[in-house]
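My notes follow in the order I made them.

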Amino acid sequence: MTFRPRRSVLYMPGSNALALDKARTLNVDALIFDLEDAVDPDAKETARSQVSDAVKQGGYGPREVVIRINGLSTPWGEADLEAAATAGPDAILIPKIFSPDDLTDIEDRLRKAGASDDLALWAMMETPLAMLNAGQIAAAAGTVSPRLSVFVMGTNDLAKETGARLVPGRAAMLPWLMTCLAAARANGLDIVDGVYNDFANEEGFAAECAQGMDMGMNGKTLIHPTQIAPCNETFSASAEEVERARTIIAAFDLPENANKGAIQLDGRMVERLHAEMARRTVVIADAIAARAIETTGSHETLPLHHRSG
Ligand code: COA
Ligand code: MG
């Protein structure tokens, strides 16, 4: 089983050349080079060529590289798609998906643009219609859109389009977040939580990361480097959890437990399904550990209050 950690997924404006460069040293699992909302209309062309050059140049190591293009109904979308298809990112992130038909269209265009078979599609789930069509959109991964692999929650656009407010606890968003999560899981997709805008509020951010972890999200999209370290920590199993997982696996591997569905471990019932969950925990922890070794030497950006200028 191959596994890519997607705990921390950092957006950066494609128009910010320094950020594209700095990304090569950040301890993130994935990078989203944005051509859409973070880029001013006057800077769209510059951003497209800058991002394309940076991706071709590479140097991002184990970090997954994703380009978010403008929607195909905008003046920039088509050229973005063509540039992204040939620059060699791991994935293209499509904004404002409404239905599976959008994916059929994108797959068709990517084929014509000569995109590699390895190129994945990530979908922004951020329109009211997409919330209602989430199951069908995710199911497209098994039919018309084999490239589809990740849902990215666009909570700012959801708030804008629905009128729902982004308040602490996100009560209004929960039905949509969990619907998209179920749709993703039912179809073998990963799902990454929306951004936390108030990046100077460390406590609020930590609470929202923990909420995303409890919901079952793979990770969270981020807007600022200071959000990376706490996010990675929250979305990683603790050393005790990994140890406990190894104990459960070892217990079920004992010959005397070979034919048992449930056993007793330290006074608690443990079922075979817990052993499966434990194996997943260990696979993820090992993948994260392997990744940490590969990025050793990279310096993490210090929290806001530790930075000098
Ligand atoms: N990716 C990479 N580097 C980033 C970054 C990001 N998302 N956000 C900030 N930085 C860098 C800055 O360039 C700056 O670098 P420097 O010290 O080398 O000059 C450093 O981190 C400190 O930045 P800071 O001064 O705290 O913030 P800012 O005022 O420059 O930027 C934002 C604030 C919100 C504009 C910026 O964080 C940003 O553009 N975030 C991403 C927005 C985005 O992509 N949105 C689309 C999806 S929601
Ligand atoms: Mg959006």
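**Terms before anything else.** I call a residue buried when its relative accessible area is under 20%, exposed when it is over 50%, and partly exposed in between, using a 1.4 Å probe and protein chains only. This is a predicted model, so I note that local features need pLDDT of at least 70, side-chain atom pairs count only at pLDDT 80 or more, and totals for chains, interfaces and linings use all residues. Residues are numbered from 1 along each chain as its sequence is written, chains are lettered from A and ligands numbered from 1 in the order in which they are written, and side-chain values use heavy atoms, with hydrogens and water left out.

Entry: I looked up Arg 170 and found a positive phi of about 50°, although Arg 170 is not a glycine. Arg 170 sits in the loop between α7 and α8 (174-186). My helices (H or I, at least four residues) and strands (E, at least two) are DSSP runs, numbered from the N terminus. Is Arg 170 buried or exposed? With 1% relative accessibility, Arg 170 counts as buried.

Lys 96 also has a positive phi, about 45°, and is not a glycine. I found Lys 96 in the loop between β4 (91-94) and α4. At 29% relative accessibility, Lys 96 counts as partly exposed.

**Entry: strand β6.** Next I checked how enclosed β6 (residues 148-153) is. Six of its six residues are buried, so β6 is largely enclosed by the rest of the structure.

Which strands pair with β6? I count two strands as paired if DSSP finds at least two bridges between them. Strand β5 (residues 120-125) pairs with β6 in the parallel sense, over five bridges. Leu 121 has Leu 148 in β6 as its bridge partner. Strand β7 (residues 190-193) also runs parallel to β6, paired over three bridges. There I noted Val 192 in β7 as the bridge partner of Val 152.

**Entry: around ligand 1.** How many residues surround ligand 1? I got 15, and the closest are Tyr 11, Met 12, Lys 22, Ile 223 and His 224. To be near the ligand, a residue must have one of its heavy atoms within 4 Å of it. The shell divides into nine nonpolar, two polar and four charged residues. For that sorting, Ala, Val, Leu, Ile, Met, Phe, Trp, Tyr, Cys and Pro count as nonpolar, Asp, Glu, Lys and Arg as charged, and the others, Gly among them, as polar.

β1 (8-13) and α1 (17-22) each supply at least two residues of this shell. Which element gives the most? That is β1, with four residues.

Then I went through the polar atoms. An oxygen atom of ligand 1 is 2.7 Å from an N or O atom in the side chain of His 224. A polar side-chain atom of Lys 22 lies 3.2 Å from an oxygen atom of the ligand. Ile 223 takes part through its backbone, where a polar atom is 2.8 Å from a nitrogen atom of ligand 1. Taken alone, ligand 1 exposes 890 Å², and the protein buries 61% of that. Those areas come from the Shrake-Rupley method with a 1.4 Å probe; for residues, only the protein chains shown count as cover.

**Entry: the magnesium ion.** What coordinates ligand 2, the magnesium ion? I found Glu 126 (OE) and Asp 157 (OD), at 2.0 to 2.2 Å. Glu 126 lies in the loop between β5 and α5 (128-132) and Asp 157 in helix α7 (residues 155-162), so the pair ties together parts that are 31 residues apart in sequence. Donors here are N, O and S atoms within 2.8 Å of the metal (3.2 Å for Na, K and Ca); water is not among the atoms, so sites may look incomplete. Glu 126 is buried, at 2% relative accessible area. Asp 157 counts as buried too, at 11%.

**Entry: two side-chain contacts.** A polar contact is a pair of N or O atoms within 3.5 Å; within protein, one must be able to donate a hydrogen and the other to accept it, and residues adjacent in sequence count only if both atoms are side-chain atoms. Glu 107, in helix α4 (residues 100-112), makes one with the side chain of Arg 147 through its own side chain (3.2 Å). Glu 107 is buried, at 5% relative accessible area.

Arg 48 lies in helix α2 (residues 44-57) and counts as buried at 14% relative accessibility. Its side chain makes a polar contact with the side chain of Asp 80 (2.7 Å).
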